[in-house]
Amino acid sequence: MEEAAKRLRFLGTPLFRGLSDRPWPLVPWEGGMVRLGEELRLEGASVWYTVVGRRGEGVVLFALEPRL
């Protein structure tokens with residue numbers, strides 16, 4: 001999972017690392033909760049993400065979850 005975090009460093013810091021208690025993670029964003037509904041599978045980790053904001057000004061919210 002550390003290797004995945006290093007490879008995704010250009011996106012910033014993951015909102016969390018670890019196992020989610022849901023089929024997809026929910027994270028706080030601007031006073032509400034956002035579902036990270038897209039999954040990218042890497043060796044040893046899953047990256048859950050979504051893009052919020054306007055086109056060209058979007059922010060990528062993401063979390064790392066170990067693949068068991």
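Let me start with a term: a salt bridge here is a side-chain nitrogen of Lys or Arg within 4 Å of a carboxyl oxygen of Asp or Glu. Keep in mind, everyone, that this is a predicted model.

So, how many salt bridges does a search of the whole structure find? It finds 2. One of them joins arginine 41 and glutamate 39, and their closest N and O atoms are 3.3 Å apart. That falls within the 4 Å cut-off. Are these two side chains buried or exposed? Arginine 41 counts as exposed, at 54% relative accessibility, while glutamate 39 is partly exposed at 33%.

Now to the other pair. Glutamate 2 forms a salt bridge with arginine 17, with 3.1 Å between the closest N and O atoms. This pair links distant parts of the chain: glutamate 2 sits in helix 1, residues 2-7, and arginine 17 lies 15 residues away, in the loop between helix 1 and strand 1 (26-29). Arginine 17 is partly exposed, with a relative accessible area of 42%. As a reminder, side chains of opposite charge can pair when their charged atoms come close.

Strand 3 is joined to strand 4, residues 45-52, by 5 bridges. If you'd like a spot to look at on screen, find leucine 42: its bridge partner in strand 4 is alanine 45.

Definitions and conventions. Residues numbered from 1 in each chain as written. Predicted model: local features only at pLDDT ≥ 70, side-chain atom pairs only at ≥ 80, totals over all residues. Heavy atoms only, no water. Pairing = 2+ DSSP bridges. Helix = DSSP H or I, 4+ residues; strand = E, 2+ residues; numbered from the N terminus. Buried < 20%, exposed > 50% of the residue type's maximum accessible area, 1.4 Å probe, protein only.
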